[in-house]
Amino acid sequence: MSDLYREHILDHYQHPRNYGTLEQPDRSFEDSNPLCGDRIRIDLKLSGDRIEDIRFTGRGCAISQAAASILTEMVKGKSLEEVRALGAEDLLEELGVPISPARRKCALLSLKVLKAAAYGINEWPR
Amino acid sequence: MSTKAGTQPLDVHRIRTDFPILQRTVRDGKPLVYLDSAATSQKPASVIEALAGFYRTSNANIHRGIYELSEEASILYEEARAKVARFIGASRPDEVVFVRNTTEAINLVARTWGVANLQAGDVVVTTILEHHSNIVPWHQLAAERGIVVHFVDIDETGRLRLDQLETLLRTQPVKLVAVTHVSNALGTINPVSDIARRAHEAGALVLVDGAQSVPHLPVDVRALGADFLAFSGHKMLGPFGIGVLWARYELLASLPPFLGGGGMIRTVTTEGFTPGDIPARFEAGTPSVADAVALGAAVDYLEAIGMAAIRQHEVTLLAYALPRLEEIPGIRLYGPVGEDRAGVISFTFGDVHPHDVAAVLDLHGIAVRAGHHCTQPLMRRLGVVATTRASFYLYNWEADIDRLVEALQEARRVLDVAG
């Protein structure tokens, strides 16, 4: 019905991939967007410097939760170096829907949390 | 349509033709359904023309310009002040101070009256319904001067717990009760004249946040019984950048200056300054002259329609909207139902985040607000992170409600809202 809520976004929102927590994560981080209350937690299981497993939990708008689901699929099996190289545009491109400036932080919260979990830099991805 | 005696139903068809923006379309040709007037109102052509007309024909800085244009601009500025004073029933125009907005008006009170009169341990009572603009200035004084801020809670219907106010007034050294007239998030119309009477009996002053009431209800400061009234021009058909602080003359005259600079002084020497008379004492620097003039045009427009008729129109819209919204599975409405309810409808929709609700409505050309509405303590009290809010004004009609209800039904299907 709309660009923003294309089927794959709604599918990821209603059936999030890699949803849940890990028993003994090597890295874990949680953050929220205080303006809208979106909240994401990401657990990582590492094998060397590779993301062997990833889970997320959260609540918030469809964009934030679908983006988190899509992001977990993007980075599973990737190295931390590859995660470091991920930029905002990479995730936005994968989302594939037009994200207005007002919704940008919704879309990028999961990437912010992932980067904080992976290598401790807690700032909005550019 | 039912009407109270003495008020004719609004001719919304004709009113809508006065608002140029309502003729435009949004989101690929959809007519605009504007349901965000609690955030800011749209502007009639007469206001836009007053603003442009000032710059086109009368523009000059006011006061002390010994030439025709400056005299004309000064007269227009002071005429606007007199219009606003008459509109709210002020006893004289110089009780009206022009500021930027409600927030600045409340800060003015905190920084002048508050700093001159509040000491450590003194209590300011506010309420859980307040906008951040009527909370943060008191928190700032708490941090700087050790005053104590107490919040009156609401009951389950969204109405203030006046019993708590009564207890605070009886047991605490309350110096000020700072309360909103109408809740921007729930639409609750608070019994401010009753609150003012109780506060005055306890020796406290009363500041009323009129941002959501002056645009929508007949407000008369004498009937209100308050000491301060703050409101914004842009929510009452006027332009951005102009707002009003009203205070009783003797009270205003007793206050120290706010910002220092040109316009607010009587004399300045290398040793110091003496402050000017009110209201100039509080209007340092070049004021928003054109915005004030355009606010005067907004007052003219509202008076021509009639505030009682506007209020009745919003009551009618509310009575039309509430049962229709209530029928939508998954929707939860907040705020009281009754005569003490303004044209503001906050709701949540299943587990769906209000940003998603608003984004889907936007695709239908419907403008609503989603978020915490600058009322984070209230949202926490309600146990929600945010709500979606639709708010009305004189240019809204039942067709707007119908479009809202249809779009919410579709949003329910798209976003899979649990009934």
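## Chain A: size and fold

Chain A has 126 residues, and a compact globule of that length would have a radius of gyration near 14 Å; the value for chain A is 13 Å, which agrees. That radius is taken over C-alpha atoms, and the globule rule is 2.2 Å times the number of residues to the power 0.38. Along the principal axes, the C-alpha atoms of chain A fill a box of roughly 45 × 25 × 25 Å.

This is a predicted model, in which local features need pLDDT of at least 70 and side-chain atom pairs count only at pLDDT 80 or more, while totals for chains, interfaces and linings use all residues. Residues are numbered from 1 along each chain as its sequence is written, chains are lettered from A and ligands numbered from 1 in the order in which they are written, and side-chain values use heavy atoms, leaving out hydrogens and water.

Chain A holds 5 helices and 3 strands. Both are DSSP runs numbered from the N terminus: helices are H or I with at least four residues, strands are E with at least two. Their order along the sequence is α-β-β-β-α-α-α-α.

## Where chain B meets chain A

Chain B brings 16 residues to the contact and chain A brings 19 residues. Contact means heavy atoms within 4.5 Å. Together the two chains bury about 1,300 Å², with 62% of it on carbon and sulfur atoms. Buried area is the accessible area (1.4 Å probe) that two parts lose on being put together, summed over both.

Between the chains there is 1 salt bridge. A salt bridge puts a side-chain nitrogen of Lys or Arg within 4 Å of a carboxyl oxygen of Asp or Glu. Here the side chains of A:R103 and B:D356 meet, at 3.1 Å from N to O. On chain B, the elements giving two or more residues to this side are α12 (354-363) and α14 (398-415). α12(B) gives the most, with 5 residues. By class, this side of chain B has 7 nonpolar, 5 polar and 4 charged residues. Ala, Val, Leu, Ile, Met, Phe, Trp, Tyr, Cys and Pro count as nonpolar, Asp, Glu, Lys and Arg as charged, and the others, Gly among them, as polar.

## Two domains in chain B

Chain B is assigned domain 1 (12-31 + 306-414) and domain 2 (49-304). Such bounds come from an automatic or database domain assignment. The domain centres, taken over C-alpha atoms, lie 28 Å apart. Domain 1 gives 35 residues to the contact and domain 2 gives 34 residues.

The two domains bury about 2,600 Å² between them, 60% of it on carbon and sulfur atoms. In domain 1, B:M307, B:R381 and B:Y393 lose the most area to domain 2, together 24% of what that side buries. The domains share 3 salt bridges. B:R381 also forms a salt bridge with B:E156, the closest N and O atoms being 3.6 Å apart. α11 (307-326), β14 (344-349) and α13 (376-382) of chain B each supply at least two residues of the domain 1 side. The largest share, 6 residues, comes from α13(B). The domain 1 side divides into 19 nonpolar, 8 polar and 8 charged residues.

## Backbone details in chain B

A cis peptide bond, with omega about 0°, joins B:I278 and B:P279. B:P279 sits in the loop between β12 (273-275) and α10 (289-305).

B:R27 is not a glycine, yet its phi is positive, about 45°. B:R27 lies in the loop between β1 (25-26) and β2 (30-31) of chain B.
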